[in-house]
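Please examine the structure shown below, together with its sequence. The paragraphs that follow lead from a pocket to the strands beside it, and then to the chain as a whole.

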Amino acid sequence: MHIIARRAAKSIDSPVLSSLCTSRLTGSRRLCTMANHSPEQVFNKPKVELHVHLDGAIRVQTILEVAKRRGISLPANTVKEMTPLIIVREPATLSKFLGKFAEYMHVVAGDREAIKRIAFEFVEDKAKEGVIYVEVRYSPHLLANTQVDPIQWNQEEGDLSPDEVVRLVNEGLREGERAFDIKARSILCCMRHMPSWSMNVVELCKKYRDEGVVAIDLAGDESLNCEANSEHRQAYEEAERCGIHRTVHAGEVGPPTVVKEAVEVLKAERVGHGYRTLEDQVLYRNLLAQDMHFEVCPISSKLTGACDSDFTKHPVITFRKDKANYSLNTDDPLIFNSSLHDDYSIAHQFMGFTEEEFKRLNIKSAESCFLPEEEKRKLLDKLYDAYGMTQSTAF
């Protein structure tokens, strides 16, 4: 059966695809819809996802139920009413996007039951999307309410530390793995605006490296230079010294110099987003030669204003043509009201992606994941088998 599907005779509604894409025809701009497209049929083989945020992938129903249990008042009481308050529908700025977290993070932060629940449900949701391996990232400090300065989301001081947050997420992910036959690992995020947290983050990576934590990340405002924030640099130096894998958000909205800093100063093994790398062709060619992995998030890049709103001009098209090493990811599916199927559908319909390219990028994703080598080999074997390939016929 062909993995790349033709348009379905009967439309299947996809909230994000019905309002997203713009294209240019004969020099004019027009809105296009994808109402007749079935995203579930674009690539129905096993997939690998490497860039998705736990706190950006929570179910709206869960937010409502936890708020009710905790006695937290929300501006809406149903999924239908709450969803529009959380999601970004039109291209905006990264700052506006980040502001959406304040609509609901105070509901789950500081609550043990909620944190374990969102981790478990995350794995279930990814399994439904055909993902067989996922690396989910989050900041333990943004979910804690003690041993954090300052405590976030206007929470009162409590007794849930960043350390226990990691333990709870690990438990939820493990239970999800057992229930849904999927492998899930986590990446702990440092935040650019909070360098004082970073050394604690790398210590948590070291402590839980045998319990599901596979890497460290740096997220947030790219204008905050790491050369000036020595704690970030020191944390990454310690991570490298201890063999902790490293990825960095860079080149999403920041200039190519941020990508260069991530690779040369922080010794990143992967780059989160990395679109602006193309503005420095010397840097880009060097990273191509190094087989650097770019964690690409198509729908996210449009709605945060990171890339041109015309998907036919997306940087990943250049990555594809150059046979770069990259993955396709959702980033924050709650806020974008999207799924991995939607990102694949966008890539197929507007960026020229084929069945063979979807296979290739998933194999490259598995090769670039942060699993130990033996587990990585088993993951690759699963993909080769599912794709009807052998390593000798790989791309």
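In this predicted model, 25 residues line the largest pocket. Those that lie nearest its centre are Leu98, Phe101, Met191, Ala219 and Gly220. The volume of this pocket is about 610 Å³. Two elements, α3 (94–99) and β5 (183–191), each give two or more residues to the lining. The greatest contribution comes from α3, which supplies four residues.

Is it mostly covered, or mostly open? Of the nine residues in β5, eight are buried. Two other strands pair with β5. One of them is β4, residues 131–138, which pairs with β5 in the parallel sense over six bridges. Within this pairing, Arg185 in β5 has Glu135 opposite. The other is β6, residues 213–219, which also runs parallel to β5 and is joined to β5 by six bridges. Here Ile187 has Ala215 in β6 as its bridge partner.

Why does Cys297 count as buried? Cys297 is classed as buried because its relative accessible area is 0%, whereas the cut-off for a buried residue is under 20%. Leaving aside residues up to four places away in sequence, Cys297 touches His51, His273, Tyr275, Asn329, Asp331 and Asp343. Val52 illustrates how the fold brings together parts of the chain that are separated in sequence: Val52 and Cys297 are 245 residues apart in sequence, yet their C-alpha atoms are 8.9 Å apart in space.

The view may now be widened to the whole chain. The chain contains 17 helices and 10 strands. Of its 395 residues, 58% are buried. Among contacts with a separation of 6 or more, 73% are between residues 24 or more positions apart.

Methods:
Residues numbered from 1 in each chain as written. Predicted model: local features only at pLDDT ≥ 70, side-chain atom pairs only at ≥ 80, totals over all residues. Heavy atoms only, no water. 1 Å grid on protein atoms, 1.4 Å probe; cavity = no way out; pocket = protein on both sides within 12 Å on 5 of 7 lines; lining within 4 Å. Points joined across faces, edges and corners; volume = space filled by probe spheres on them. Buried < 20%, exposed > 50% of the residue type's maximum accessible area, 1.4 Å probe, protein only. Pairing = 2+ DSSP bridges. Contact = heavy atoms within 4.5 Å.
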